[in-house]
Amino acid sequence: MNAYPLILEPIYKERIWGGQKLKSFFGKDLPHGKKIGESWELADLPNDKSTVANGEFAGRAFSELIKQFPQEMTGDKNFKLPFPLLFKLLDAQDVLSVQVHPDQQTCDKMGTGEPKTECWYIIDAVQGAVIYKGLKPGVTKQQFEHAIKKGTTNELLNKIEVESGECHFLPSGTIHAIGAGLLIAEIQMSSDTTYRVFDWNRVDEKGNGRQLHVKESLESIHFDQEDDLSATTVGRLVNCEFFKVDKGHRIAGNEVLLSPGKMKMLMIIAGEGNFTDVNEKMVEFNAGQTIFIPACYEGVMFCESDCQYLTVTL
């Protein structure tokens, strides 16, 4: 394999709470006039598979390359697909529904769904922007069911004001919602299982509310879980069994050595630069891109301007 950093083509998702900030902030080529809430930056789901945007493998499915070159791409000749992580950029112009993702035990019990643990890195936040993360101490399942019927679910959630540069970890079973005015990098297990339990009593033009999954949500929420409301801001942001996230910052003119042996995924939050391998082959990068570094790649990451980025490993 002629390995090089693979820039992946984003998959845009229209959402009622989305907007056009991914275009104004990162220069992404969004569909005109559409409310784009999610840009799936690296995906390997049945109906959404990332493709390579650069170099000789342009147009090839990311998962096909792993299947063809497992050792070179991942460092493991027996690597099993589908790829276990999903990367997104989220533009929340309005508050998202209150939701929860199940853990493996809950999926096994219900016989449906896929588990999801995730984290949110706050790229940009309007003043006073908030997230909702976990239940207030002492809230019982019975109290929560009563609040669902009354339409007051939000009153039982921890409301946390957030700023850019923070990372919040959300293990499966944590009830949560993203508030308005946030641009977020989301790193998660490769799952699209989401159970909505409350949608702020919103209705469409016909007076109908969005579909809720009350039974599944009540089964999935960890009512006995002590939620960690803190945020990490430097160094290793997340260290869990499913993925690890490290925050990097290099000033203009700095280089980062990329040694072979382990695959890496980079989400470029700010700045621009290039990757240059031992044969002086160059790949340029910009803010807003997600880049897969094959395990066999050896080179340097050169920052032409101040760069902030997230490095994700398994």
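Of the 314 residues of the protein chain, 53% count as buried, where buried means under 20% relative accessible area, exposed over 50% and partly exposed in between, with a 1.4 Å probe and protein chains only. The structure is a predicted model, in which local features need pLDDT of at least 70 and side-chain atom pairs count only at pLDDT 80 or more, while totals for chains, interfaces and linings use all residues. Residues are numbered from 1 along each chain as its sequence is written, and side-chain values use heavy atoms, with hydrogens and water left out.

The protein chain has a radius of gyration of 20 Å, which agrees with the value near 20 Å for a compact globule with 314 residues; the radius is taken over C-alpha atoms, and the globule rule is 2.2 Å times the number of residues to the power 0.38. Along the principal axes, the C-alpha atoms fill a box of roughly 65 × 40 × 40 Å. The accessible surface of the protein chain comes to about 14,500 Å², and 46% of this belongs to carbon and sulfur atoms; such areas come from the Shrake-Rupley method with a 1.4 Å probe, and for residues only the protein chains shown count as cover. Among contacts between residues at least 6 apart in sequence, 76% join residues at least 24 apart, a contact being heavy atoms within 4.5 Å.

The protein chain holds six helices and 23 strands. Both are DSSP runs numbered from the N terminus, with at least four residues for helices (H or I) and at least two for strands (E). Six of the strands form an open sheet in the order E2-E3-E6-E13-E8-E11, with antiparallel pairing; two strands pair if DSSP finds at least two bridges between them. Strand E2 (11-19) and strand E11 (167-170) each have a single partner strand and stand at the edges, so one side of each is left without a neighbour in the sheet. From one strand to the next, the twist averages 25°, with axes fitted as lines to C-alpha atoms (for helices over the stretch in contact) and angles running from 0 to 180 degrees between N-to-C directions. E2 and strand E3 (residues 36-42) run antiparallel and are joined by five bridges, and Glu14 has Ile36 in E3 as its bridge partner.

Towards the end of the chain numbering comes strand E23 (residues 307-313). Six of its seven residues are buried, so E23 is largely enclosed by the rest of the structure. Strand E16 (residues 244-250) runs antiparallel to E23, with seven bridges joining them, and Gly248 stands opposite Tyr309 in E23. Strand E18 (residues 264-270) also pairs with E23 in the antiparallel sense, over five bridges; here Ala270 has Gln308 in E23 as its bridge partner.

A search of the whole structure finds eleven aromatic pairs, in which rings of Phe, Tyr and Trp (its six-membered ring) have centres within 6.5 Å, and planes under 30 degrees apart count as stacked, over 60 as edge-to-face and the rest as tilted. The rings of Tyr4 and Phe57 are stacked, because their centres are 5.8 Å apart and their planes are at 5°. Tyr4 lies in the segment before strand E1 (6-7), and Phe57 lies in the loop between strand E5 (48-49) and helix H2 (62-68), so the pair ties together parts that are 53 residues apart in sequence. Both Tyr4 and Phe57 are buried. Phe25 and Phe26, in turn, form an edge-to-face pair, because their ring centres are 5.0 Å apart and their planes are at 85°. Phe25 is partly exposed at 37% relative accessibility, whereas Phe26 is buried at 12%. Phe62, Phe79, Phe83 and Phe292 form one aromatic cluster.

Most residues other than glycine have a negative phi, and most peptide bonds are trans. The peptide bond from Leu81 to Pro82 is cis, with omega near 5°, and Pro82 is found in the loop between helix H3 (70-74) and strand E6 (85-92). Asn201, although not a glycine, has a positive phi of about 60°. Asn201 sits in the loop between strand E14 (195-198) and helix H6 (214-220) and is exposed, with a relative accessible area of 56%. Glu280 likewise has a positive phi, near 65°; this residue is in the loop between strand E19 (272-277) and strand E20 (282-286) and is exposed at 68%.
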